[in-house]
Protein chains: 2
Amino acid sequence: MARKTGSHSEITGPRVRDAALKLIAQHGFAAVSMRRIAEEVGVQAGALYNYTRDKQALLFDLMRNHMEELLAARQEAAVSGDPVARLDAFTRFHIHWHLPRGDQVFISYMELRNLTPENFAEIERLRKVYEDELEHILQDGVDAGLFHLDDTKVTTLAIIAMLTGMSTWYRAEGRLSLDRIEGLYVGMVRRLVGI
Amino acid sequence: MARKTGSHSEITGPRVRDAALKLIAQHGFAAVSMRRIAEEVGVQAGALYNYTRDKQALLFDLMRNHMEELLAARQEAAVSGDPVARLDAFTRFHIHWHLPRGDQVFISYMELRNLTPENFAEIERLRKVYEDELEHILQDGVDAGLFHLDDTKVTTLAIIAMLTGMSTWYRAEGRLSLDRIEGLYVGMVRRLVGI
DNA sequence: GTCTATATAATGATAGAC
DNA sequence: GTCTATCATTATATAGAC
């Protein structure tokens, strides 16, 4: 439903971001035009520039927002205690947080090459903060003699790749319930660290 | 170096594919124009249409070629014998084959959404053939009482995601040698199947 | 087989009216 | 804040000369 002229700043902003998120995940950043995003929102293309400086800023905002929300949620969900409990919590957090955000996850991995170098560096910095969270858990587990693995850094990257890969095949109507899959991944992550 | 007019069919064809591969991996399919590919090859844009029906066919050929070469190489490298040996061989094959083909791997995962539905279905079919190779190894190992895992299908997908993720961070000049990394992944895959 | 030239359509972004 | 209108550029693909 296209809107007529008028002032709608308080709702149009989020709608622009939602439309861009959905369309970019579906077709790719370069394949989605500003006109197409505007059409989805129900405004004319020129109106989008009240909410973003240009197309690049729109992509960067989506990706930075995704990473910052991830880090904030992670900080809230982090548990203290023994490394095994922290590892299990990390696995469950990663799955629970990423799974309902398929579009954001997809964009954050696929559209890195369409960022300017400065914007790319910032996203990579945020991603590294998240990876370091897991790496510290593994290192603490190794130091405590609880985990048995050959290389902390490589195991960190392997676990994250394994967990994130779930987004590419999981379907809510699939063979296994989310709880069951989560349990499977908790078990596999434990195996990877030798417990 | 731009070429002058003349007949060069025997060399231009592969050069078009090489240029498209490199540029699409770098910038994404939608972001790369036929003009840019032609410039890289050293011909005018119109000349590309002697080698591809249109831009879509160019992408599909790259992806189909990648998958068919993968399956052919896999068939040649497959070993028989006990499941543990077959699993180790699969791990080493996957790493050795994918690592020097970063551009192809990247495109094959990133550009699926830019294929027409028919072309997408064909690529997915080929990918499933490869996944089934690993799944059969896991199932045989479970049946023989050698592997101990909770779900063959999920473990298959987890292993492939873990192995393929290596392409996103491996650098030849990095901290670890390829042999060392390969050994680490063989160990992690073994752990994932409970041996 | 490649070139030049072109048809036709779409793009990102801006200016000024309301 | 949104609209209409538009600029300047770029896109895919084709036609016909050589």
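This is a predicted model: local features need pLDDT of at least 70, side-chain atom pairs count only at pLDDT 80 or more; totals for chains, interfaces and linings use all residues.
I read chain A along its sequence and noted the pattern α-α-α-α-α-α-α-α. The count came to eight helices and zero strands.

Overall dimensions next. I found that the C-alpha trace of chain A spans about 65 × 40 × 30 Å along its principal axes. For the accessible surface of chain A I noted about 9600 Å², with 51% of this area belonging to carbon and sulfur atoms. Of the 195 residues in chain A, 48% are buried.

I then looked at contacts in chain A with a separation of 6 or more, and 69% of them join residues 24 or more positions apart.

Charges: I have 24 positive and 27 negative in chain A, and their mean positions lie 7 Å apart.

I checked the UniProt record, an unreviewed entry, which lists residues 33-52 of chain A as "DNA-binding region". Over residues 33-52 of chain A I get 40% helix and 0% strand. The end C-alpha atoms of that stretch are 14 Å apart.

Last, I looked up one loop residue. A:Asn114 sits between helix H5 (102-110) and helix H6 (117-143) of chain A. Is A:Asn114 buried or exposed? I count A:Asn114 as buried because its relative accessibility is 16%, and the cut-off for buried is under 20%. Its side chain makes a polar contact with the side chain of A:Glu111, at 2.7 Å. Leaving out residues up to four places away in sequence, I listed A:Phe29, A:Gln56, A:Leu59 and B:His27 as touching A:Asn114.

Key. Residues are numbered from 1 along each chain as its sequence is written. Chains are lettered from A and ligands numbered from 1 in the order in which they are written. Side-chain values use heavy atoms; hydrogens and water are left out. Helices (H or I, at least four residues) and strands (E, at least two) are DSSP runs, numbered from the N terminus. Buried means under 20% relative accessible area, exposed over 50%, partly exposed in between (1.4 Å probe, protein chains only). Contact means heavy atoms within 4.5 Å. Accessible areas come from the Shrake-Rupley method with a 1.4 Å probe; for residues, only the protein chains shown count as cover. Lys and Arg count as positive and Asp and Glu as negative; His and the chain ends are not counted. The place of a charge is taken as NZ of Lys, CZ of Arg, CG of Asp or CD of Glu. UniProt positions are given in the numbering used here, feature names are shortened, and annotations may be inferred rather than shown by experiment. A polar contact is a pair of N or O atoms within 3.5 Å; within protein, one must be able to donate a hydrogen and the other to accept it, and residues adjacent in sequence count only if both atoms are side-chain atoms.
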